[in-house]
Amino acid sequence: MKYFVRNSEREGTCYHEFYKGKWDEKTFWKKDSLLLHDDVMFKNQGFVDAVMEVIPTYDPFGETEITLEIWDKIGQVIKEKDERSKELYQEADVWLNDVFKEYECITILGI
């Protein structure tokens with residue numbers, strides 16, 4: 001993967017965790033989560049802007065639930081953004097297509 005890492009590849013804790021399903025309010029760094037380093041996320045500001053346009057309450061320091069419907073809306077907005085942000089979205093989208101077959105949502109756990 002170009003943008004995301006798995007927990008086994010994580011160096012430190014400055015990551016946004018894409019957690020399968022609703023967060024259980026206690027578990028962090030699950031093996032099956034995708035992680036996006038804070039520097040990578042904010043170097044691709046178009047991705048952040050798309051998320052915030054669709055979810056105005058998005059909190060990069062808290063938790064945010066995202067359903068398939070919301071993810072698809074982010075995908076529509078991201079079409080107007082820069083190429084790297086589109087690539088970042090597409091990389092997550094491949095993982096999320098499988099996740100949404102089993103879970104109603106994902107939770108982004110901020111740093």
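Helices (H or I, at least four residues) and strands (E, at least two) are DSSP runs here, numbered from the N terminus. Thanks for coming, everyone. What you see is a predicted model, where local features need pLDDT of at least 70 and side-chain atom pairs count only at pLDDT 80 or more, while totals for chains, interfaces and linings use all residues. Residues are numbered from 1 along each chain as its sequence is written, and side-chain values use heavy atoms, leaving out hydrogens and water.

Let's start with Gly110, found in the segment after β5. Is Gly110 buried or exposed? Gly110 counts as buried because its relative accessibility is 17%, and buried means under 20% relative accessible area, with exposed over 50% and partly exposed in between (1.4 Å probe, protein chains only). Gly110 touches Tyr15, His16, Pro60, Phe61 and Gly62, not counting residues up to four places away in sequence; contact means heavy atoms within 4.5 Å.

Now to the core. A nonpolar core is a set of buried Ala, Val, Leu, Ile, Met, Phe, Trp, Tyr and Cys residues joined through side-chain atoms within 4.5 Å. The largest one has 26 residues, and Phe18, Phe47, Trp71 and Ile106 have the most contacts inside it. Elements giving two or more residues to this core include β3 (34-37) and α2 (45-54), but the largest share, 7 residues, comes from α4. Outside its sequence neighbours up to four places away, Phe47 touches Phe18, Leu36 and Trp71, among others.

Finally, the strands. β2 (residues 15-20) pairs with β3 in the antiparallel sense over 4 bridges; two strands pair if DSSP finds at least two bridges between them. Phe18 has Leu34 as its bridge partner in β3.
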